Amino acid sequence: MKKNTTIIKAKRSWFDLELGDFLKYKDLLFLLIRRDFVTSYKQTILGPFWVIAQALLGSAIFTIIFGKIANLSTDGHPAFLFYLSGMLGWQYFASVYCVGCNALQSNLMLFSKVYFPRLIPPIGQAIFAIFNFLIQLSVFFTAFFIYQKTTPSIIFPHIIGVLFIPLLLLQTVALGLGIGFIISALSVKYRDLSRVAGMATQFILYASPVIYPISEIPEKYQSFMAWNPLVFIIESYRKILLGHSTASTLEFALPSVGLTVVVFFIGLILYNKTQRTYVDYV
Amino acid sequence: MAVIEVENLSKHYRLGSIGAHSFLQDCTNLGRSIGLPFKNHKKNNIFTALDDVSFNVKEGDIVGIIGHNGAGKSTLLKILSRITEPCQGNATIRGKVSSLLEIGTGFHPEMTGKENIYLSGSLFGLKKKGIDDCYESIIEFAQVKEFIDTPVKRYSSGMFVRLAFSVAAHLEPDILIIDEVLAVGDADFQKKCITKIDSQTKSGRTVLIVSHNLSLIASLCNKVLLLEKGKVLKYGETDKCISKYLSLNDQTQFNSFGTNNFVKNIKLNKQSAAKGTFVLKINQELLIEFNMNDLPHNDILPVLSFFTENGHMVFHAIPQYHDFEIFNNCKLSLNIPANFFNNIIYSVRLRLHTINRKIGWNKDNIIYENNCLFMFSVIEDIKNNKNRFGKNDSINGQLRPIFKWNSIENQQK
């Protein structure tokens, strides 16, 4: 009986993250991912096809507007593939960021009725979002090989590179949840910030090299851009999938990973501190 | 050994709305905490939901938590279920806890019954294997076998509640925390829940239950925690706590008009009713006595009316015709036989009517009314009452008089 002793006390440390409980509830994590699976495509005819359509349509629009009309550089890559690869990193970040921003708010019904480690729902949703990422990735590969048929000069870079994708995903989860958690925690009491969160998505999109390559930025500003962690992530996908990019270097990697770690821990601690008394404020 | 130890638990809430003003306060609080010379706010906008609450629960205890709305019952349960954190104090809980603050927590309407069983079970901390083991029994208890692969949004509300409760009933924790969940569902369902909880308590489980249903508390619990304005008013024997709680009602719900001095010295079985609410054993007579003084009229008819806790009229006790003349300035007594009431709670109203012998009495000529002259709780030793013929759960009805049954000679002889 003693093995299950729970101590409830006031004023716990900010760093008490309740990670011990996390393992006890790992079955819950899988069931929540399964729930997201089951419920997101219920009563749709095309199901996951919509993810494919969204990726194709998004890239097509970018190709027409930014490639053809605005004539932005695509770093020598075919425009359609350039945007597809940019969207890959961006979309996953955007969905994880969105999960983080609503982590407390969207789980109110559960959080106010039963205790379980509060990190489980957002982490489950972030894992679920990988499913959409994989669909997008297969769209990219299909498009890539169709391009290759028509223009044989395009060669797929080394297959080893693909093995780094999980690392990029991990960094994206840490970054997206980190920023999201900070916003979610701070907007519990004052909801103003949740308004900002939506606008911020647009801003981050244009501050990141999704629709333009980093090589287009004047060189003296490039080291400044390195402090946007997404620059390294998105350019790395291009390096892995298209062969070359400017920002997938150590000078970009260090600030990007360093900042991600810092943001993630700040987010984690704030989120954890806030969830303890969250239900008192809503 | 104490499985739950609560020490000096307090919880405060800030009153008022959250907006620009409270943001300013937060900023000055923050400023003061890092040493800036801001003025301290007056703490008059703090609401104390729990104030220095301490108690111990032993293994196998079934503790009822009672108190008025806002007494802090739900806050206490929320803290013990780790949904929110106390502001001061601590609590130690030894054993696996399941808290049912709601029926159907985590159920998703789009998912099938089976998927929901697993999801809800794991939310309460069960492992997948543990749910596998009791899966069949959950379905059987809920009686939804043929619908188990149908999304629960197509369930009737009865089926939904049965399934949800069934999951909750199979959690098998060491400590079970229940908040008012029994208040939902129809009478049949409530009965089923109570039987289930009763069987759980027999297996040595510790239970904390919040309810306004005092007769449920009286029949289920061996201890009661009485909270009032965030403080523990009394903790201990069920009867004494319930009677203390009811005596609070007397003061707070006191509602009368006319001069109070008309009626004095109310005694129940020779004890003063002013002391607190009376607890009557089911096989005990009830003797009600009171004095009537300084009445402005000579022809007065006193009527005692008995209501259930929910306000349903049970009966009027009206004096016999021939003796009403003697009622002025005298001591009255009324005797109600044993084995007449059910084991529930009654409140008693006294009205004094003036009588016109030609017209009779009606509502227009009430000179005194006390809507809660006293309340009393009828308790019963359910296990040893032979008149129940072994029935362990509640017997419906506002009264349960025992009449004399006679066996008449077999006529076919």
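These legends describe close-up views of a predicted model.

**View 1. An open sheet built from strands of chains A and B.** Four strands line up in the order β1(A)-β4(B)-β1(B)-β2(B). Their pairing is antiparallel. Strands of a sheet pair through backbone hydrogen bonds, either parallel or antiparallel. From one strand to the next, the twist averages 15°.

**View 2. The sheet edges, β1 of chain A and β2 of chain B.**

**View 3. The pairing of β1 and β4 of chain B.** Strand β1(B) spans residues 2-14, and β4(B) spans residues 88-93. The two run antiparallel and are joined by five bridges. V6(B) stands opposite A91(B), a residue of β4(B).

**View 4. Helix α2 of chain B lying across strands of both chains.** The helix takes in residues 73-80.

**View 5. The contact between domain 1 and domain 2 of chain B.** Domain 1 comprises 2-9 + 50-245, and domain 2 comprises 247-379. The contact takes 10 residues from domain 1 and 12 residues from domain 2. On the domain 1 side, α7(B) (214-220) and α8(B) (238-252) each supply at least two residues. The largest share of that side, five residues, comes from α8(B). By type, the domain 1 side divides into four nonpolar, three polar and three charged residues.

Key
Residues are numbered from 1 along each chain as its sequence is written. Chains are lettered from A and ligands numbered from 1 in the order in which they are written. This is a predicted model: local features need pLDDT of at least 70, side-chain atom pairs count only at pLDDT 80 or more; totals for chains, interfaces and linings use all residues. Two strands pair if DSSP finds at least two bridges between them. Axes are lines fitted to C-alpha atoms, for helices over the stretch in contact, and angles run from 0 to 180 degrees between N-to-C directions. Two residues are in contact if their C-beta atoms, placed from the backbone, lie within 7 Å. Domain bounds come from an automatic or database domain assignment. Ala, Val, Leu, Ile, Met, Phe, Trp, Tyr, Cys and Pro count as nonpolar, Asp, Glu, Lys and Arg as charged, and the others, Gly among them, as polar.
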